[in-house]
Amino acid sequence: MKAKINLTTKVGKVELPNPVMSASGTSGFSTELSPYIDLAVPGAMVAKSLAPYQWEGNPYPRISEAPGGMLNSVGLQGPGIPAWIESHLPKLVETDARIVASIWGKTVSEFKTAAEMLLPVKHQLTALEINVSCPNIEDGAKSFSHSPKAVGEVVLAVSAALNNGELKNEANNKNHNLPKWVKLAPDTPDLNAVVSQAITAGADAITLTNSLPAMRIDTETQRPYLSGITGGFSGAALKSIALKAVYETYEAFPDLPIIGSGGVRSGEDVAQYFMAGASAVQVGAATFLNSRALVKIIKSLRRWCRKNSITEIASLKGAAHNLKRDTYK
Ligand SMILES: Cc1cc2nc3c(=O)[nH]c(=O)nc-3n(C[C@H](O)[C@H](O)[C@H](O)COP(=O)(O)O)c2cc1C
């Protein structure tokens with residue numbers, strides 16, 4: 001008889017049936033992946049980052065293949081939160097998916113406004129991801145995620161916006177404390193300092209990492225492939241970089257829930273992120289190669305666990321930290 005594999009996991013207080021979520025910006029705003037998968041199957045669906053207003057993003061071309069992954073400079077195109085709440089969220093709610101909203105802004109006050117706009121629907125959300133690390137907005141988010149002070153200010157502003165709503169909700173007997181996940185960049189110079197500020201300001205979990213600023217040049221035309229010149233690199237080759245960020249963050253903050261994001265393509269990749277200290281992962285570029293990647297990775301994780309006699313994925317968390325260096329001698 002096949003042993004039962006328990007894939008349930010907890011990201012802080014958030015319980016997920018399995019640790020495989022979509023990564024923001026790679027599963028659309030709503031039910032775009034519904035023709036391919038049941039959206040209630042992944043651990044959660046993370047919607048593309050939204051600003052308080054409609055935003056055009058960058059001109060085409062804004063996606064390119066790249067060795068070991070892909071480049072994008074979509075530039076946070078989106079309908080804005082009011083339109084998302086009206087036209088996109090209701091369809092997603094119908095699927096029974098666990099929904100994570102993601103927000104971005106150009107200023108601290110825009111992040112705050114974005115959080116306030118989501119208050120009326122927060123009972124429909126599993127968590128709120130705060131994207132302070134998109135590499136594709138000129139001068140904008142980069143300055144947030146690289147600066148402990150700036151990240152602290154954003155998270156504090158979002159916490160304040162949500163807490164005010166908490167009071168209102170208590171009056172309605174609907175106390176729903178929306179967890180805040182802060183998404184950081186892979187090239188953050190002092191990651192521990194940024195994480196520390198995020199925690200102090202109220203982060204419930206950290207997502208590591210966003211895509212890595214990069215570029216590609218077309219030798220035929222002698223021009224960059226992307227209209228945005230540079231973009232964010234993601235996919236297989238990002239895994240080694242994001243894994244290190246997860247490992248080092250877990251080493252410094254062992255009680256902090258961490259979500260791994262970068263190059264997840266198989267169950268074995270998920271297991272590696274758990275060993276580094278993650279409690280869940282997000283899948284991005286793999287979905288561009290196969291629209292069914294999320295469910296395939298969950299199946300692959302179950303197979304990997306069975307083959308390796310792991311009955312509970314959560315038991316692997318932080319396993320790679322248990323080995324002492326002297327075992328290598
Ligand atoms: C086309 C594209 C659009 C993205 N848009 C967003 C976004 O809106 N917000 C965000 O936080 N991350 C965004 N990302 C980053 C992904 O969520 C993810 O963190 C990154 O791609 C690393 O995962 P991967 O290697 O599995 O792709 C985007 C990535 C891609 C490829």
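Start at glutamate 248, which has a relative accessible area of 39% and is therefore partly exposed. Keep in mind that you are looking at a predicted model. Which residue does glutamate 248 form a salt bridge with? The partner is lysine 244, and the closest N and O atoms of the two are 3.3 Å apart. Both residues belong to helix α6, and because they are four residues apart there, about one helical turn separates them.

Stay with helix α6, which covers residues 239-252, and turn to lysine 239. Here the salt bridge partner is aspartate 269, with the closest N and O atoms 2.7 Å apart. This pair links distant parts of the chain: lysine 239 sits in helix α6, while aspartate 269 lies in helix α7 (residues 267-276), 30 residues apart. Are these two residues buried or exposed? Both aspartate 269 and lysine 239 are buried, so each has under 20% relative accessible area.

Now move to helix α2, which spans residues 108-118. There the side chains of lysine 112 and glutamate 116 meet in a salt bridge, at 3.6 Å from N to O. The two are four residues apart, about one turn of the helix. Glutamate 116 has 34% relative accessibility, so it counts as partly exposed. Lysine 112, at 29%, is partly exposed as well.

How many salt bridges does the structure hold? The total is five, and the pairs visited here are among them.

Definitions and conventions: Residues are numbered from 1 along each chain as its sequence is written. This is a predicted model: local features need pLDDT of at least 70, side-chain atom pairs count only at pLDDT 80 or more; totals for chains, interfaces and linings use all residues. Side-chain values use heavy atoms; hydrogens and water are left out. A salt bridge is a side-chain nitrogen of Lys or Arg within 4 Å of a carboxyl oxygen of Asp or Glu. Buried means under 20% relative accessible area, exposed over 50%, partly exposed in between (1.4 Å probe, protein chains only).
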